[in-house]
Amino acid sequence: MLVSDGVMAKTERDYKRMCEYVGMARRSGRIPWDAIRDDTQIAVEAPLSFDGPADFFSAVAAAVDDYRVDRQAGQPVRLELWCETAGMVPQLVRIGEEFGIACFSGGGFDGLAGKHDAAVRAVDGSQKTLVLHLGDYDPSGEHLFSSLAEDVVAFAESAGAEVDFRRIALTPEQIAAYHLPTAPPKVTDRRSFSGTATTQAEALPPDILAAVVREAIEAHRDPAVHLQALAREEAEREAIRRRLAS
């Protein structure tokens, strides 16, 4: 966002300086600790426990609010959101959860297990799978996308399933339309590239990114089917509440 707004240059030196300033601001209390998500924090998995039966049933009652049906059932295709950068996953999750769409990070050329898992999901489903992909506009970004698509499609086809991939960001048209900052390709990256300048997907402002993703999702959703799923969900949620109350 800072690069996109022209506040800082897209250099390693400026990035490290920004991280140092943000760290000092959090330590001093100027930036609240919960204002910034930290993807490098230590993962915590604590065993589930309760104060007693009353606490347990209270948790069960609260869990009813999270009851959901498969919101993609009956839709023309089953959608998945994939992004090159893991740090973008939480933002995409907030967009996709309304439609029951899962989000994955597809960075790296050697994530064969993740690619195979994607094909398995397509085999297990009754619908064609369409992957909406977001990544950097640079040599690595283009090759990551093609490598991911080729492997997943091949794995799926060998099992009799159909998967298609569509790149929804970042594109040259978006870079021009939103005046995003660019940089020359790295001299050390000798992969073929369709452009002459590179841009990171994170340079797209969050509100615009959200609009791009939502538009791509809604282009493949039947609104009537979606509303039916929401109505069924609410009816079944109420039925569960009545059963717990009896």
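The entries below go from the whole chain down to single residues.

**Entry 1: the whole chain**

I start with a reminder to myself that this is a predicted model. I counted the elements and found eight helices and four strands in the protein chain. Going along the sequence, I wrote down their order as α-α-β-α-β-α-β-α-β-α-α-α. I then boxed the C-alpha atoms along the principal axes and got roughly 70 × 55 × 35 Å. The protein chain has 246 residues, and 34% of them are buried. I also looked at contacts between residues at least 6 apart in sequence, and 73% of these join residues at least 24 apart.

**Entry 2: helix α3**

Which residues of α3 are buried? In this helix, which covers residues 89-96, I found V89, Q91, L92, I95 and G96 to be buried. Looking down the axis of α3, I see these buried residues within an arc of 160°, so they line one face of the helix.

I next asked what that face packs against.

**Entry 3: α3 against α7**

I keep two numbers for any such pair, since packed helices are described by the angle between their axes and the distance between the axes. For α3 and α7 the angle is about 45° and the axes are 10 Å apart. That angle makes α3 oblique to α7, because oblique covers what is left once roughly parallel (under 35 degrees), roughly perpendicular (65 to 115) and roughly antiparallel (over 145) are taken out. The crossing of α3 past α7 is right-handed. On the α3 side, the contact is made by Q91, L92 and I95, and on the α7 side by P206, L209, A210, V213, R214 and I217. I note that Q91, L92 and I95 are also on my list of buried residues.

**Entry 4: α4 against α5**

Here I looked at helix α4 (residues 112-124) and helix α5 (residues 139-158), whose axes come within 8 Å and cross at roughly 50°. α4 and α5 are therefore oblique to each other. Their crossing is right-handed. From α4, I listed L112, K115, H116, A118 and A119 as meeting S147, L148, D151, V152, F155 and A156 of α5.

**Entry 5: the cysteines**

How many disulfides are there? I count zero, with the cut-off for a pair of cysteine sulfur atoms being within 2.5 Å. For C19, the closest cysteine sulfur is that of C83, and at 19 Å it is too far for a bond. C103 is in no disulfide either, with the sulfur of C83 as its nearest, 4.6 Å away.

C19 counts as partly exposed, at 36% relative accessibility, while C103 is buried at 15%.

Is A229 buried or exposed? I placed A229 in helix α8 (residues 223-245) and found it buried, with a relative accessible area of 10%. Leaving out residues up to four places away in sequence, A229 touches V69 and R71. A229 and V69 are 160 residues apart in sequence, yet their C-alpha atoms are 7.0 Å apart.

I then picked R17, in helix α1 (residues 12-28). R17 is partly exposed, with a relative accessible area of 33%. R17 and E162 are 145 residues apart in sequence, and here the C-alpha atoms are 46 Å apart.

I kept one general point in mind: most residues other than glycine have a negative phi, and most peptide bonds are trans.

Where is the cis peptide bond? I found it joining A169 and L170, with omega about 5°. L170 is in the loop between β4 (163-169) and α6 (172-177).

For phi, I noted H179, which has a positive value of about 55° although it is not a glycine. H179 is in the loop between α6 and α7, and it is exposed, with a relative accessible area of 69%.

Definitions and conventions
Residues numbered from 1 in each chain as written. Predicted model: local features only at pLDDT ≥ 70, side-chain atom pairs only at ≥ 80, totals over all residues. Heavy atoms only, no water. Buried < 20%, exposed > 50% of the residue type's maximum accessible area, 1.4 Å probe, protein only. Helix = DSSP H or I, 4+ residues; strand = E, 2+ residues; numbered from the N terminus. Arc of directions from axis to C-beta. Axes fitted to C-alpha atoms, helices over the stretch in contact; angles between N-to-C directions. Left-handed = near helix turned anticlockwise from the far one by under 90°. Contact = heavy atoms within 4.5 Å.
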